[in-house]
Amino acid sequence: MSIFTEVLAVLGFIIRALGFAVLGFGVGRFTMDAYTKAAWQVQIALAVGFFALLVGLTHYSSPGSMGMFAVSAGVAVLMSFTPKKEVGTEESKNK
């Protein structure tokens, strides 16, 4: 293999890992936002679907990509447990 194809392969691995990180954060955030607002039947479906996605990605993707997905999904889940900040009005910021 030439140097050029090896560089492209490394860039591909990096882009795939970053893509899985973005996907993991998005899926984790969507799941937790929808989970808090849904009926219990939908909550069960969200939990089963999320863990089925984790199992499928573990089986069919590379370890690095799956690790990035799991870390970013974990960050999204942990962020959902933090209290939300109150957005103040412009008048309260100026005082």
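Colleague: What should I keep in mind about numbering and about the model before I read any values?

Modeller: Residues are numbered from 1 along each chain as its sequence is written, and the side-chain values use heavy atoms, with hydrogens and water left out. This is a predicted model, in which local features need pLDDT of at least 70 and side-chain atom pairs count only at pLDDT 80 or more, while totals for chains, interfaces and linings use all residues.

Colleague: How many helices and strands does the protein have, and in what order do the elements run?

Modeller: Helices (H or I, at least four residues) and strands (E, at least two) are taken as DSSP runs and numbered from the N terminus. Here there are four helices and zero strands, and from the N terminus on the order is α-α-α-α.

Colleague: What does the radius of gyration say about the protein?

Modeller: The radius is taken over C-alpha atoms, and the globule rule to set beside it is 2.2 Å times the number of residues to the power 0.38. For 95 residues a compact globule would come near 12 Å, but the protein has 19 Å; along its principal axes the C-alpha trace spans about 65 × 45 × 15 Å.

Colleague: What share of the residues is buried, and which examples could I look at?

Modeller: Buried means under 20% relative accessible area and exposed over 50%, with partly exposed in between, using a 1.4 Å probe and protein chains only. Of the 95 residues, 19% count as buried. Ser65, in helix H3 (residues 63–81), is buried because its relative accessible area is 2%. Ala76 is also placed in helix H3, and it counts as buried because its relative accessibility is 0%. Val55, by contrast, lies in helix H2 (residues 40–60) and is exposed, because its relative accessible area is 59%.

Colleague: How far apart in space are Ala76 and Met66?

Modeller: From C-alpha to C-alpha, Ala76 and Met66 are 15 Å apart in space and 10 residues apart in sequence.

Colleague: How is an aromatic pair described, and which rings form one here?

Modeller: A pair of aromatic rings is described by the distance of the centres and the angle of the planes. Rings of Phe, Tyr and Trp (its six-membered ring) pair if their centres lie within 6.5 Å, and planes under 30 degrees apart count as stacked, over 60 as edge-to-face and the rest as tilted. The structure holds one such pair: Phe50 and Phe51 are edge-to-face, with 5.7 Å from centre to centre and 75 degrees between the planes. Phe50 counts as buried because its relative accessibility is 12%, while Phe51 is exposed at 51%.
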